[in-house]
Amino acid sequence: MRRLVRAACAAVVAAAVTAGAPRAAAADPAADGFTIEDERITESSGLAPSRAHPGVYWTHNDSDDGPYVYAIDGRTGETVATVTLAGVSPRDVEAVSVGPDGDVYVGDIGDNFGGRWPEVWIYRFAEPEKLADQAVEVTRHTVRYADGPRDAESLAVHPVTGRVYIVSKHEEGGALYAGPGKLPASGTATFTRVADIGLWATDAAFSPDGTRLAVRGYFGGTMYAWEDGGPRELGRLTVPVQRQGESVTFTPDGRTLLYGTEGERSPVQPMPLTEEQLPESARKEKPDRAGGGETGDEADDREPDAAGDDIAGDGGGEGSTLGFVLALAACAALLLALRRSKRRGGGGA
């Protein structure tokens with residue numbers, strides 16, 4: 001009996017300690033980067049994190065592949081679903097973004113002839129509830145530029161307003177174009193030039209909170225603060241050396257940029273952001289020792305104990321400490337009662 005009680009006490013104490021232990025926040029599995037393993041994907045030209053399926057990233061090939069978008073597991077780099085865009089014959093697909101409406105926006109906006117085509121297209125479909133090979137219904141939006149045709153490879157949907165933006169591509173620098181507040185289901189959406197972008201841009205992405213816009217090119221990139229519906233330059237981005245750098249996106253926590261490239265088994269490489277380039281939501285958060293999301297104000301309000309740890313601390317604070325003490329006291333009382341029982345002749349093995 002005494003052995004049984006001791007075992008029970010050990011279990012109770014262990015449970016109390018575990019309950020008070022810090023819990024690591026779930027980090028995005030792609031924060032360390034990954035390699036696209038699908039042999040069909042040899043010209044990955046866009047990248048965007050799924051909203052419906054955490055840890056999954058959408059990508060697609062450039063031209064000559066067909067109406068396909070691929071869902072990639074950010075842990076393994078394996079394709080978990082191939083989505084076929086029903087009724088679509090793409091010309092030059094260059095970008096992908098996911099909007100706050102939960103729809104995936106695919107930009108058939110490339111023009112290798114430097115502005116020969118008077119119109120391009122954006123295909124929009126709802127993220128599937130289940131990831132499996134399937135065909136989806138698509139809304140096709142016709143796009144024209146207010147100042148005439150041009151080449152582009154960068155499309156980004158603002159995560160708060162839902163407005164769609166395109167960055168044109170030119171060796172001497174492009175421009176940022178804003179679409180209407182809502183893309184019309186029929187007719188033509190006219191995109192208007194709102195700012196110069198001094199890059200030979202190959203992709204762009206908004207941070208999850210919408211306060212930053214990252215634009216990359218083959219040989220560099222720029223981070224912008226997004227203020228009053230327009231960009232303010234913050235500085236140059238650190239862009240990895242890649243075979244043909246084609247894509248960029250933020251991880252869902254906003255702390256890391258992921259850069260993709262064309263080629264077989266192409267790597268998606270992470271670059272953590274720091275200081276002013278961090279989105280506003282990420283700058284307000286100060287990860288604790290368990291990798292959680294404690295805010296800077298909350299950390300400043302705590303008082304350190306003699307050992308230098310927080311009183312409320314990573315171990316769960318006064319509640320977990322009290323639970324541990326009570327569990328220990330209860331076990332001690334049981335063992336003492338057993339000892340007294342044995343002395344009176346009622347002991348057990």
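Q: Which residue of β16 does A204 stand opposite?
A: The model is predicted: local features need pLDDT of at least 70 and side-chain atom pairs count only at pLDDT 80 or more, while totals for chains, interfaces and linings use all residues. Residues are numbered from 1 along each chain as its sequence is written, and side-chain values use heavy atoms, without hydrogens and water. Strands here are DSSP runs (E, at least two residues) numbered from the N terminus, and two of them pair if DSSP finds at least two bridges between them. β15 and β16 run antiparallel and are joined by five bridges; in β16, the residue opposite A204 is V215.

Q: Which residue in the turn between β15 and β16 has a positive phi?
A: The two strands form a hairpin, with five residues between them. In that turn, a positive phi of about 80° belongs to G210.

Q: Which residue of β17 is the bridge partner of R216?
A: β16 (residues 212–217) pairs with β17 (residues 221–227) in the antiparallel sense, over five bridges. The partner of R216 in β17 is G221.

Q: Why is one side of β15 and of β18 left without a neighbour in the sheet?
A: The open sheet has four strands in the order β15-β16-β17-β18, paired antiparallel. One side of β15 (201–206) and of β18 (230–236) lacks a neighbour because both stand at the edges, each with a single partner strand.

Q: How many residues of β15 are buried?
A: Buried means under 20% relative accessible area, with exposed over 50% and partly exposed in between (1.4 Å probe, protein chains only). β15 is mostly covered, and its buried residues number six of six.
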